[in-house]
Amino acid sequence: MTDVKEQARYAARVQAYRIVSRAYFHLPVVVVFLIQQGFGPLATAALLALYGVTAALGDHVVAPLRRRLSLAGCLVAGEAVKLAGLLILLAPVSTGVAVASQVLAGLGFCLTAGTDAALASTLLSGERFRTREARTQAGMFLISFAAGVLGALAYAQYDRAPFVLSALGCAVAALVVLPGGRGGLRPQTAEPGAGGTAVTGPGRVLPWQVRLWASYYSVSRAVLLTVYTFLLPLLLFFGERLSVTMFGAVLGLYTLCGLMSVRLSLAWQRRYSATALFWLSSGAMVLGLLLLVPGGLLAIAGGTALLGLAGGTVRPTTMGFLGPAMAGLSDAERQRVTRGLERRQGIVQAALLIGAGLWLGSGGSVTEAVAGCAVLVVAGQAVAARLVARQAATKPDGGPEDRTSTRSGAPPVSAT
């Protein structure tokens, strides 16, 4: 009985960790900070892209550490690495300091991404896990919103304050999940991807439907996060010249609407269909980007809210079709697909950031860069829509979300 109670208490601490670790006070202002430190648009975009590439490809770098640590140990180590990446920005910011900060942040993400969900799943199961997971996801969105607004306010007082607050958040998160004894919950067998990449056998090619929906997810998320982390701050702070308070509040719409859509997407999909959720997500994404193009505070605020709605529905939409498409795959193949979602997203996002930075550096406008993202999204949605229509002609629904085939590998609204 004591062990059961101890496990329940630790499960609550893991839930608290997952929420506290999403207190990204610095996320809304990092682009503003870098530009005000003298980095141009291209250099700023390159630094954000460096984080994305490190987070996407850093698994092999942290693999030796993963093999030696428990799941809880990986979380503590990851928070420590993130903390180091944040504190280094307290020094005079040079190119080397900024590069080191982004690399450390990306490696810290590699250690924690998905590890928290894996640890939670070893402590709870069944309905208790699903209930706790829903509450945790809501807490993640709420703390992301609150931290973003507070970080913007703190930036107005001292430009390093958001980074100090985020570093404190990392320290608190590490302390919350630190209690020993849970390391034994880590499976003794190597986790696919911890020390290498899960393979599907020589010459094995995944079904084209799987590859298409995986690409749909990666490209959609990459566009949304490129706009949220790079283009929107430029539009709001340097284009609309909002006060820091308003700047944080408008960006916060993305998070709040993401929370709402995450909570409603499963109910929507159950009541209607995966196809209906696809059209809702697709329409919100396209319309949100188009509203940003003409500019103006009301249009940008509306576009931000719609992009938040799209951001919360992209994964449920994808899994509504990708889950059934993976029905014939082995466990190793399914893990290969789900791990590849975030890895591919990081690479696509890095390419988009570099492209946007080059465009702005050559004299192009932010709204033109947003328009380019809109064109990319419309093209991608058109391809996906054709597949959706093709599937609808053969069966009435794209199928329910396959919850067993996903393991969250990224913060709900933050890739940085």
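User: Which side chain does Arg343 meet in a salt bridge?
Analyst: Asp59. The side chains of Arg343 and Asp59 form a salt bridge at 3.2 Å, N to O. A salt bridge here is a side-chain nitrogen of Lys or Arg within 4 Å of a carboxyl oxygen of Asp or Glu.

User: Where do Arg343 and Asp59 lie?
Analyst: Arg343 is in helix H14 (residues 331–361) and Asp59 is in helix H4 (residues 59–68), so the pair ties together parts that are 284 residues apart in sequence. Helices (H or I, at least four residues) are DSSP runs, numbered from the N terminus.

User: What kind of model is this?
Analyst: It is a predicted model: local features need pLDDT of at least 70, side-chain atom pairs count only at pLDDT 80 or more, and totals for chains, interfaces and linings use all residues. Residues are numbered from 1 along each chain as its sequence is written, and side-chain values use heavy atoms, with hydrogens and water left out.

User: Back to Asp59. Buried or exposed?
Analyst: Asp59 is buried, with a relative accessible area of 14%. Arg343 is partly exposed, at 24% relative accessibility. Buried means under 20% relative accessible area, exposed over 50%, and partly exposed in between (1.4 Å probe, protein chains only).

User: How many salt bridges are there by this rule?
Analyst: The count is six. One of them joins Glu79 and Lys82 at 3.5 Å, N to O. Both lie in helix H5 (residues 71–87), three residues apart, about one turn of the helix. Glu79 and Lys82 are both buried.

User: And which residue pairs with Arg315?
Analyst: Glu342, with a salt bridge at 3.0 Å, N to O. Arg315 sits in helix H13 (residues 297–325) and Glu342 in helix H14, so the pair ties together parts that are 27 residues apart in sequence. Arg315 and Glu342 are both buried.

User: Which residues form a network?
Analyst: Salt bridges link Arg18, Arg22 and Asp116 in a network.

User: New topic. At what angle do H5 and H7 pack?
Analyst: About 150°, with the axes of H5 and helix H7 (residues 115–123) 9 Å apart. Axes are lines fitted to C-alpha atoms, for helices over the stretch in contact, and angles run from 0 to 180 degrees between N-to-C directions. That makes H5 roughly antiparallel to H7, a term for angles over 145 degrees.

User: Which residues make the contact?
Analyst: From H5, Leu71, Ala72, Cys74 and Leu75; from H7, Thr115, Asp116, Ala118, Leu119 and Thr122. Contact means heavy atoms within 4.5 Å.

Methods
Helices (H or I, at least four residues) and strands (E, at least two) are DSSP runs, numbered from the N terminus. Angles under 35 degrees count as roughly parallel, over 145 as roughly antiparallel, 65 to 115 as roughly perpendicular and the rest as oblique.
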